[in-house]
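This briefing is for a reader meeting the structure for the first time.

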Amino acid sequence: MNSTVDYFNLDELLGQEYLLIRQAVRDFVRTEILPEIDTKAQQHEEIPNLMKKLGSIGALGPFIPSKYGGAGLDYLAYGLIMQELEAGDSAIRSAASVQSSLVMYPIYTFGSEEQKEKYLPMLATGDWVGAFGLTEPNHGSDPSSMETRLRKEGEGYLLSGTKTWITNAPICDIAIVWARDEDGKVKGVIIERDDIGFSTPEIKNKWSLRASRTGELVFDEVYVSKERLLPGVSSMRGPLSCLNSARYGISWGVIGAAIDCYQVALNYASERTQFGNPIASYQLQQKKLAEMITEITKAQLLSWRLGVLKNENRATSQQISMAKRNNVDMALRIARESRQVLGAMGIVGDYPIMRHMMNLESVITYEGTHDIHLLITGQDITGISSF
Ligand code: TGC
Ligand code: FAD
């Protein structure tokens, strides 16, 4: 449906510049994504030239300075961009958030000047597609136990191991990969598509994020020259700080998916007649719809405040965890409730709800599961880690 829910006049807190950015991305989604997304998701294919299209509207690395090809915007703008993209489909937001927060962010934050100049402009335009390899077959929620290794070899290293469940692995031109060196330190390296010993088998038959490609990153003694090492990182703080940026964006993104489901349900309930009346006139349906807009409004306020704190460099990773967890859960519940409002029509591709619902089943797991984010809050308030 592609419009706004603004029950608490939040737009007044944003101001004109942000509203223009939001409108531009909304228009992009309406013209470039919505006409194709259901078919592409049904066929398990991505939108053609998606990354270049996202690059053309400044959605890749929006917070990266223009010197390196980014849009030089702030984190509120980034959040709004993610919201509008995910109103189209979580796969579109995933593409933009991996490239921005998980690939461009670490190169910008931890990379050398040469690495920034070489990679960032090509990633900003979408000419190159990036992937982020942290999760392994035996280590998902617990990436600190990673088995991927860097072994010294002459002036560089040999990289061995496997990363799995990696967004855009099958189509990536470069990958940011996290591995332990012989001293046990966590290092980030940049791997390029043509590196010998590097392969990216695809994970097929997903019921979720079907318009996004997912796969493995396999390293069979890949030689990594020292120029490919990110010089500014040597611990888990490196990869986990990238997650802060991506999780923040997801907290906004899922609001877009929730609004889309809510609006479809509201519209359908107003038009669908049963027992002689629109179903919107029945209290049970009003309860569903009223709770949806309440939860969307609470999530908007949470993400807006988090964006302000992030712009001031004051957002904690624990605050980000709370917002990611709450907002994804909110969106998934709204997708499920909206599906019911539509009855049987809720399961067909004529409406976006089932697609959002299935996508959100991944979003509630990736970037830290629902459980892990709860445990992060638990640790923060009690001072006791229960991992
Ligand atoms: P722990 O001992 O707590 O911490 C190790 C070091 O890291 C620091 N740290 C953080 N730093 C920055 N940001 C954060 N969010 C941080 N969390 C922890 C911490 O202070 C410590 O620093 P230091 O200097 O004292 O050493 O680590 P732990 O092993 O106990 O694990 C903590 C835990 C469970 C919270 C962490 O491992 C975690 O977040 N696990 C979830 C894994 C996860 O989210 N994976 C995501 C993979 S990427 C992905 O899913 C992309 S989906 C993409 C898409 O398509 O959109
Ligand atoms: P596990 O860690 O095995 O967890 C299984 C269950 O156990 C979960 O319910 C979890 O909450 C629970 N659990 C685990 N530990 C505890 C505990 N201590 N206490 C209580 N419960 C616990 N990763 C990347 O690195 N890069 C990517 O680009 C990427 N893209 C992805 C795209 C998709 C579509 C998906 C589905 C995943 C992607 N991931 C990516 C991986 C994602 O981050 C992991 O799936 C996630 O971190 C969870 O890991 P796991 O699947 O191994 O689950």
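This is a predicted model: local features need pLDDT of at least 70, side-chain atom pairs count only at pLDDT 80 or more; totals for chains, interfaces and linings use all residues.

An unreviewed UniProt entry annotates residues 17-127 as "domain: Acyl-CoA dehydrogenase/oxidase N-terminal".

**A second annotated span**
- The unreviewed UniProt entry also gives "domain: Acyl-CoA oxidase/dehydrogenase middle", covering residues 131-222.
- Residues 131-222 are 0% helix and 49% strand.
- The end C-alpha atoms of residues 131-222 are 17 Å apart.

**The largest pocket**
- The volume of the largest pocket is about 1400 Å³.
- Its lining is made up of 46 residues, and those nearest the pocket centre are Gly140, Leu243, Arg247, Glu367 and Gly368.
- Sorted by class, the lining has 21 polar, 16 nonpolar and 9 charged residues.
- At least two lining residues come from each of helix H5 (90-110), strand E3 (156-167), helix H7 (237-271), helix H9 (317-341), helix H10 (353-363) and helix H11 (370-382).
- Helix H7 gives the most to this lining, with 7 residues.

**Helix H7**
- H7 has 35 residues, and its first and last C-alpha atoms are 51 Å apart.
- That distance is close to the 51 Å expected at 1.5 Å a residue.
- H7 is mostly covered, with 29 of its 35 residues buried.

**Helix H2**
- Helix H2 takes in residues 16-43, which is 28 residues.
- At 1.5 Å a residue H2 should span 40 Å, so the 39 Å between its end C-alpha atoms agrees with that figure.
- H2 has a kink of about 50°, centred on Ile37.
- Ile37 is itself buried, and other buried residues of H2 include Tyr18, Ile21, Arg22, Val25, Val29 and Ile33.
- In an α-helix there are 3.6 residues a turn, so residues three or four places apart point the same way.
- Charged side chains are also on the buried list for H2, among them Arg22, Arg26 and Lys40.

**Val222 in strand E7**
- Val222 belongs to strand E7, which runs over residues 214-224.
- Val222 has a relative accessible area of 0%, so it counts as buried, the cut-off being under 20%.
- Val222 and Asp195 are 27 residues apart in sequence, and their C-alpha atoms are 6.7 Å apart in space.

Terms used. Residues are numbered from 1 along each chain as its sequence is written. Chains are lettered from A and ligands numbered from 1 in the order in which they are written. Side-chain values use heavy atoms; hydrogens and water are left out. UniProt positions are given in the numbering used here, feature names are shortened, and annotations may be inferred rather than shown by experiment. On a 1 Å grid over the protein atoms alone, a cavity is a set of points where a 1.4 Å probe fits but cannot get out, and a pocket is an open set with protein on both sides within 12 Å along at least five of seven lines; lining residues have an atom within 4 Å of a point. Grid points are joined across faces, edges and corners, and a volume is the space filled by probe spheres set on the points. Helices (H or I, at least four residues) and strands (E, at least two) are DSSP runs, numbered from the N terminus. The expected span of a helix is 1.5 Å times one less than its number of residues. The bend at a residue is the angle between axes fitted to the seven residues ending there and the seven starting there. Buried means under 20% relative accessible area, exposed over 50%, partly exposed in between (1.4 Å probe, protein chains only).
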